[in-house]
Amino acid sequence: MGTVESIYFVLTWLCHRTCPHCYEDRFRPHYGADRDRMAGLSRDNAPRIIANFPERLRFRQAAGGPERAGTVILAGGEVLLDAVREPALYPALDQLRQRYAGGGVQLVVQTTGDLLTERIANELLEHGVRVISVSGIDHHHAGLEEPSAQAALRDKLTTIFEKLGMTYGGTREADGELAARTRYHFFGATPDMWIGKLWPRGRAWMKDLSTADMTENFCARWSGGQNFLRTGEEGAEVSIDPDGNVYPCCLKTRLPVGNVLEESLESILARRAADPVYQAISAGEPQRMGLKHGWSEEMFLSRCRTTTPAGVPYANLCIGCDRFHDEVLSASRPGLVKIAATTVE
C-alpha cells in the first residue's frame, strides 16, 4: 500500500496568541497546571503518534514515476514556545529523522514567526528541518495589522534565514538543486490565499469573520480533504492533532477518521478507503458524502445554510459537512469526541 505525501502533525494546543481568526479555540495561551498538562500531552503523545506513522513515507507524482520523499509538517499552536520546543519538538524531529533515515523525509516546522531567533532557527536546522514555514504574515495577528509591520517581520526573518544559508521556496518537496537546500517560506490568511476567506470554525466563526460562501469549496483544496485517500500519490495529506486524532483536512471534520494512538495510520486509511463518505471528501465533493445514508446532494446543500452567532445568514459546504457528521455519523460512531460545534440553528 502507498503512503501519504504529507502529514500535518499538530504537535501542541499551546500558543502565545489568541488570534481572532483562529479556527481552533484550543490554540491559545494556557497557564500554570493547565500549561504543564498541555506540554506534557505533547511530550508524551508525540513519540507514540510518530511510532504509528507509515514505515515509509513515499509517493509518486505520476503512475510509474519515481518515488519522492514525503513531508511531515510539525505545527501548532506554536511549537517554538519554551514549554514545547525542547521537551517535545526537538525529540519529535530526531525521532522522525531516525524513523525515515533509510528513505528520507522532508521535515517542515510551521511557526507564527515572532518567536524565531537566529539561535532557534539554527537549532531547527541541526535537528534536520528542511523548511521553516512562517504562517503569521497577515493583519489578523496582533502587532502585524499594518503592511509595514508585516514587511518588517519578513525582512528581519529573511536576514536570519539567509545568514544561515537558506533559500526562499515552498513547503512541498522541491526538485533539483533547490531540494538539496534548506528553505524558508512565508504565508498568512491573506485574500490571495485559499484560507483568506477564513474557515467557519473556532474564533473566526464566533466573531463572524468568515466570508466564505457556497462557491468556496474548502474541501477541494490542498490540505482541505481532497486526495487524502489517494495513498501513494501526490496530494494525499492528513492532519493529526496532539491527541492522536486523524482528520482528512486541516480545519478538521467534526469526527476524526481514527486515532494513531490506537492503530497505525496505514490501517486507518485502509479501513476508510471504501467508505463513500470519505471517498466523497477525498474527491473534493462533500455534497456527495451522504448519498449512501439517504442524504441526496440537494438535501446536503439545503443543510449548508445557517446563521452566524450575530444572526447573519450564512452558507458554506463546511456547514453541511458538520451537520451530516452530527446527525448521521455521530449516531453510528458513539464514544468519539467531536470538535466544537460551528453551526447555529
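Predicted model: local features only at pLDDT ≥ 70, side-chain atom pairs only at ≥ 80, totals over all residues.
## Helix α2

Helix α2 runs over residues 82–99. At 1.5 Å a residue, its 18 residues should span 26 Å. The end C-alpha atoms are 25 Å apart, which agrees. The helix has a kink of about 30 degrees at Leu89.

Buried positions in α2 are Val84, Arg85, Ala88, Leu89, Tyr90, Ala92, Leu93 and Leu96.

## α1 against α2

The axes of α1 and α2 come within 9 Å. They cross at roughly 0 degrees. Angles under 35 degrees count as roughly parallel, and α1 and α2 are therefore roughly parallel to each other.

From α1, the contact uses Arg35, Ala39, Ser42, Arg43, Ala46, Pro47, Ile50 and Ala51. From α2, it uses Ala83, Pro87, Ala88, Ala92, Gln95, Leu96 and Arg99. By class, the contact of α1 with α2 has 10 nonpolar, 2 polar and 3 charged residues.

## α2 against α3

The axes of α2 and α3 come within 10 Å and cross at roughly 30 degrees. This pair is therefore roughly parallel too. On the α2 side, the contact is made by Arg85, Leu89, Tyr90, Leu93 and Arg97. On the α3 side, Arg119, Ile120, Glu123, Leu124 and Glu126 take part. By class, there are 5 nonpolar, no polar and 5 charged residues in this contact.

Helix α3 buries Ile120, Ala121, Glu123, Leu124 and Leu125. These residues pack against α2, β5, β6 and α4 (147–163). Gly128 follows α3 and has a positive phi, near 95 degrees.

Arg58 sits in strand β2 (residues 58–60). Its relative accessibility is 18%, so Arg58 counts as buried. Val4 is 54 residues away along the chain, yet the C-alpha atoms of Arg58 and Val4 are separated by 7.0 Å. Beyond neighbours within four places in sequence, Arg58 contacts Thr3, Val4, Glu67, Arg68, Ala69, Gly70, Gly103, Gly104 and Gly232.

Thr308 is found in the loop between β12 (305–307) and β13 (313–315). At 6% relative accessibility, Thr308 counts as buried. Again leaving aside neighbours within four places in sequence, Thr308 is in contact with Trp205, Asp208 and Tyr314.

## Backbone exceptions

Most residues other than glycine have a negative phi, and most peptide bonds are trans. The features below depart from that pattern.

The peptide bond from Gly76 to Gly77 is cis, with omega near 20 degrees. Gly77 lies in the loop between β4 and α2. Leu198 has a positive phi of about 70 degrees although it is not a glycine. Its place is the loop between β8 (183–186) and α6 (202–206). Leu198 is buried, with a relative accessible area of 5%. Asn227 also has a positive phi, near 75 degrees. Asn227 is in the loop between α6 and β9 (237–240). With a relative accessible area of 18%, Asn227 is buried.

Technical notes
Residues numbered from 1 in each chain as written. Heavy atoms only, no water. Helix = DSSP H or I, 4+ residues; strand = E, 2+ residues; numbered from the N terminus. Expected span 1.5 Å × (residues − 1). Bend = angle between axes of the 7 residues up to and from the residue. Buried < 20%, exposed > 50% of the residue type's maximum accessible area, 1.4 Å probe, protein only. Axes fitted to C-alpha atoms, helices over the stretch in contact; angles between N-to-C directions. Parallel < 35°, antiparallel > 145°, perpendicular 65-115°, else oblique. Contact = heavy atoms within 4.5 Å. Nonpolar A, V, L, I, M, F, W, Y, C, P; charged D, E, K, R; others polar.
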